[in-house]
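Q: Please take a close look at the salt bridges in this protein and walk me through them residue by residue. I'd like to know how the partners sit and what else is worth a glance along the way.

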Amino acid sequence: MISTRSIPEGAIDGRQAVATAPDSHVVSKPVPESQTQDPRRYQLNQMKKRYSPIQNTLQDGTTNLQFQLKPSDPDFPFELDYLECELQVPASYPEKPPLLRVKNKDIPRGFAVNIERGWGKLVQENQASTLLALTNALDKNLEAFLSERKAETVILLSFKDTRHLENSSSVLGNTPSPKTETPSKPTPAPTPRKSYVPEESFTEQEICASRARRPQEIRQLEARMSRLPHYQKSADGVVYTLPLEPRRRAELPVELQRVQSVQLIIPLLYPLQPLKVLLNDVESKDAEGLEELFAARAAQQKQMSLTSHMNYLSQNIHTMAKQASAARKQAETLQSSPGDAADSTNQEASAPGIDSEDGKSHIHVIPRPPEWSFGNESGESDDSDSDDYWDSEDESDGGGVAVNTGVGSVSGMAQQVERGTAMSFPYIELHGIELLQVAILNISVKCERCRTLNDITGLRPELEKESSCRKCATAFTAKFRQEMVHQNSVRAGFIDVAGCTVNDMLPSTFVPTCSKCSTPSPGLVSVRAETITNVCRECHAKFTFRLPEVKFLAITHNTTLPPTTGPRRKQEKLGLHAGEPLPGRGACAHYRRSYRWFRFGCCGRVHACDRCHDGAEDHPQERANRMVCGWCSREQRFRVDTCAFCGRGVVGRPGRGFWEGGKGTRDKTRMSRKDKRKFRRVGGSERKRE
């Protein structure tokens with residue numbers, strides 16, 4: 001046998017026949033025939049299969065490929081989800097090198113230039129490599145390119161329009177205006193421009209807070225709206241086109257019922273700068289008043305998120321439209337009536353005269369109270385706040401005040417009353433579903449008296465259910481008020497409870513409505529973090545919904561506790577001091593190794609064991625749920641073997657099998673082989689005992 005531990009250089013070992021392969025045996029890597037004939041087309045097809053880019057061809061024959069490159073390094077240190085790349089492949093490639101342009105808006109231009117220069121270096125160093133190989137090399141060196149010093153770039157500043165500042169200075173009196181026309185026009189003109197007179201300035205802390213809040217709320221808005229059909233985002237990330245589904249489309253004015261989407265303008269310094277909204281699919285003059293109302297409310301409610309603003313708009317657009325229409329009519333009345341601004345109060349009294357021309361002289365107009373002004377921003381969507389809009393269109397009424405006496409108005413009003421505990425499904429996923437409602441709700445509640453968890457099942461909308469605690473028999477009630485869940489609202493309703501608090505949602509029954517045929521499906525049972533997929537019975541379309549999380553928000557406190565079934569027992573005073581041991585460490589004559597006392601649930605008294613209880617009491621015992629540690633005298637919930645406070649064992653260790661005094665043992669497996677009792681009487685007396 002030949003040893004292979006020390007083989008001289010140049011010798012032949014057992015793995016390879018020769019030290020170096022001859023040149024005639026070296027074969028180059030095979031190249032496909034299509035790559036040899038047309039390398040440009042072959043490499044473009046490779047990029048299409050790998051990244052599925054958006055391709056377009058320019059007039060000079062240059063091919064542009066737009067794709068997203070995701071960093072493959074799992075420890076990539078930068079917060080970059082995708083690198084937006086535009087690869088320009090000239091018509092004469094590979095004679096002319098390809099160019100790369102970075103299109104990410106969140107990457108400063110200086111770092112984007114570093115990536116583009118790095119691409120150029122890779123192309124020069126690897127001229128024989130394919131486009132796919134160069135892209136993979138870019139992926140490997142992306143961290144190094146972004147770590148380089150930021151390249152110097154040129155910033156182009158646009159002209160700043162200062163005409164509004166000139167106008168505002170004239171209002172202040174710096175340049176008096178020579179025009180002396182009607183006094184009604186110059187007074188409302190400076191009103192919308194007062195915010196520009198002292199140009200707003202913000203501190204660095206406010207700017208940093210706004211820059212941190214804006215991306216967070218935009219991510220939440222995109223997660224909710226990005227999969228909807230009308231969603232669009234501008235290149236600068238300021239204007240977002242979002243779908244809008246009014247809750248009461250039929251109550252909107254005719255000119256606004258066609259609205260399907262809105263443009264939400266989010267300034268760069270949001271929320272320091274107010275939001276703006278533009279309604280699509282309608283005339284600008286019809287939507288101007290409503291857009292101004294939304295902007296005014298957004299400026300006042302800066303603590304609300306972008307999603308909350310959109311939810312409010314979809315839920316209350318009909319009310320805002322009525323307010324805007326009434327405000328516009330009031331402004332037209334003030335402008336059309338002759339007289340000075342001081343006679344504005346008399347102009348309201350002239351309203352009955354207008355009705356007298358139509359033959360309704362018997363109608364007396366009651367002035368609107370000041371607390372019912374159109375600028376009400378309390379957040380409630382009362383339909384009664386703007387009944388003037390509908391009264392003006394109704395010609396058949398003989399006068400009077402419109403009273404809402406329909407079932408629909410009551411239900412709509414109940415949806416806006418926020419009381420009890422609100423149940424919502426944040427981050428809900430709805431695919432192929434336009435509406436989702438909870439048909440039968442099952443919840444677990446916590447008793448306010450003993451904090452014991454109880455289950456309440458079979459809660460149906462608007463039906464109150466009574467139950468009682470399984471431990472202390474305290475009565476409590478629960479009532480579920482249902483709301484619709486859709487893409488713009490994640491709140492499922494409110495739960496009114498008394499004597500308990502809501503803890504969690506158990507498996508409940510949901511009724512989804514198909515988004516294609518608007519047909520409600522039969523009830524489907526679901527629970528938190530469970531994905532339900534089914535098929536519509538009418539159009540056979542597939543739909544899916546998932547509840548990643550269920551949240552409960554206590555808006556108002558529960559009602560007072562109902563009276564208990566009887567007087568509460570007085571707490572037994574034992575005279576114990578925490579940290580000191582019990583008498584005899586809690587042991588009794590029945591159990592010498594039990595170092596604790598038990599508080600029995602039947603009478604609430606403390607006894608050392610069950611036998612001690614039976615000897616002192618005249619009623620049958622019930623299981624004890626609490627105990628007092630014999631080492632530290634602290635009362636706590638029942639534990640099996642140790643104290644929750646001092647950690648010492650409350651049950652003595654079992655015997656080790658030795659005789660008393662430690663001189664012997666009965667366990668034959670532990671006996672010494674030298675012990676004469678280990679093998680004596682094996683099977684003799686034991687069989688007789690059996």
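A: Let's start with R248, which is buried at 11% relative accessibility. Buried here means under 20% relative accessible area, exposed means over 50%, and partly exposed is whatever falls in between, using a 1.4 Å probe and protein chains only. Keep in mind that this is a predicted model, where local features need pLDDT of at least 70 and side-chain atom pairs count only at pLDDT 80 or more, while totals for chains, interfaces and linings use all residues. Residues are numbered from 1 along each chain as its sequence is written, and side-chain values use heavy atoms, with hydrogens and water left out.

R248 pairs up with E251 in a salt bridge, the closest N and O atoms being 3.7 Å apart. The rule for that is a side-chain nitrogen of Lys or Arg within 4 Å of a carboxyl oxygen of Asp or Glu.

Helices (H or I, at least four residues) and strands (E, at least two) are DSSP runs, numbered from the N terminus. K322 is buried, at 3%. Put together, R248, E251 and K322 make up a network of salt bridges.

While you're on α9 (residues 306-336), have a look at T307, which is found in that helix. T307 is buried as well, with a relative accessible area of 4%. Leaving aside residues up to four places away in sequence, T307 touches Q220, L221 and R224, where contact means heavy atoms within 4.5 Å.

Back to charged pairs: the structure holds 16 salt bridges. One of them joins E462 to K479, again with closest N and O atoms 3.9 Å apart. Here E462 lies in the loop between β12 (453-459) and β13 (464-468) and K479 in strand β14 (residues 475-482), so the parts being tied together are 17 residues apart in sequence. E462 is partly exposed at 44%, and K479 is partly exposed at 26%.

How many disulfides are there to go with these? The count is 0, going by cysteine sulfur atoms within 2.5 Å. The sulfur of C472 is 3.5 Å from its closest cysteine sulfur, in C450, which is too far for a bond.
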